[in-house]
Amino acid sequence: MLSPQDSLWMANALQLAERGLYSTSPNPRVGCVLVRDDQIVGEGWHQYAGEPHAEVHALRAAGEAARGATVYVTLEPCSHQGRTPPCADALISAGVIRVVAAMQDPNPQVAGKGIEKLRAAGIEVECGLMEGAARELNIGFFSRMTRGFPWLRSKIAMSLDGRTALNNGRSQWITGAAARQDVQHWRGRSCAVLTGIGTVRADDPRLNVREPKLGASKIKAIRQPLRAVLDSQLQLPLTARILCDGNVVIYTATPDLQKMAALEKLGARVIVLPDVCGRVDLIAMLRDLAASGCNEVLVEAGSILNGALLQAGLVDELVLYVAPQLLGDMARGMAQLGELTMLDQRVELEWQDVRNVGKDLRIVARVKHA
């Protein structure tokens, strides 16, 4: 039987899990608290893929005090041998008597097997406490494991009338410095940042994380996201700044072997994924990103790519930075969706969060299909 006190300890574990927001990918963000005689005797969180999981950190902190303790963990303990040994085995060996998990692991390699192993060892297990919060923290991991797609989040900076650039292409800067700094948070938690060739040629962005204080008090170093460029005709200039830091993948529909070799010499990967119309197959691209371990992908692109992804039903969430200004109907829009002739063709959204960021407004909205 779960109690209000159980919720308090689980909330503590969720706070620990959040410390891995910028560092654990492709693994989930997990926190763990060990409690004995109403006192925390050990706690931990998963920090980096390939390193000990949250339960192991908590058990090491508790030592002999783990025997007879209750474990609060934000995800079902793993039961298989990966880069680290099974956490379920470690908990059994430590002599814990009860495990409270926020949610079952969506990874097919686990998916209830950890819970079964614990129960078979005589440990009381309860699952589902604060599941919604745990799932939101790992929404990309959950998406990749259950859908085979990363969670696709599109960031758009725009005026109040939905314009992202003047008709001549000028857009720096519609939103203020606080909004641009806030974007670093979304880049930092993403496994990949996706853009289109139009944005690269117009703005020559690097799309890296440039905020040195992002999680600096909790992790050793910022993990830079993969930069992905959708470039159907392989027009990416070899001098583009996005190529400077490595860790770049280019999706194209054109197998230009000479250009591909030149890009690969600069450290980029080039993947040819044409669809029947001679453009990049968007679904195949997202499946490839998922297969590469990408949980969350942030789109920073123009109206063409934003529109294509929305029309294909592939966008899960929008992060909109709205500046208190009007740019007029000749300025460029946020997404090319074509003409809608019926209202049931519209893209419907659900508000998730609305707040001020400096002088601008930040709206997080989820696409209803998601």
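**Group meeting: cysteines, charges over rings, and a helix pair**

Okay, let's start with W173: the charged end of R180 sits over its ring, 4.4 Å from the centre. By that I mean NZ of Lys or CZ of Arg within 6 Å of the ring centre and within 35 degrees of the ring normal. This is a predicted model, so to speak of local features we need pLDDT of at least 70, and side-chain atom pairs count only at pLDDT 80 or more, while totals for chains, interfaces and linings use all residues. Residues are numbered from 1 along each chain as its sequence is written, and side-chain values use heavy atoms, with hydrogens and water left out.

R135 does this too, lying over the face of F142 at 4.0 Å from the ring centre.

On to cysteines. C87 is buried, at 1% relative accessible area, whereas C277 is exposed at 52%. Buried means under 20%, exposed over 50%, partly exposed in between, using a 1.4 Å probe and protein chains only.

Last, helices, meaning DSSP runs of H or I, at least four residues, numbered from the N terminus. α3 (residues 87-94) packs with α4 (residues 113-120) at about 20°, axes 9 Å apart. Those axes are lines fitted to C-alpha atoms over the stretch in contact, and angles run from 0 to 180 degrees between N-to-C directions. So α3 is roughly parallel to α4, a label for angles under 35 degrees.

Conventions:
Helices (H or I, at least four residues) and strands (E, at least two) are DSSP runs, numbered from the N terminus. Angles under 35 degrees count as roughly parallel, over 145 as roughly antiparallel, 65 to 115 as roughly perpendicular and the rest as oblique.
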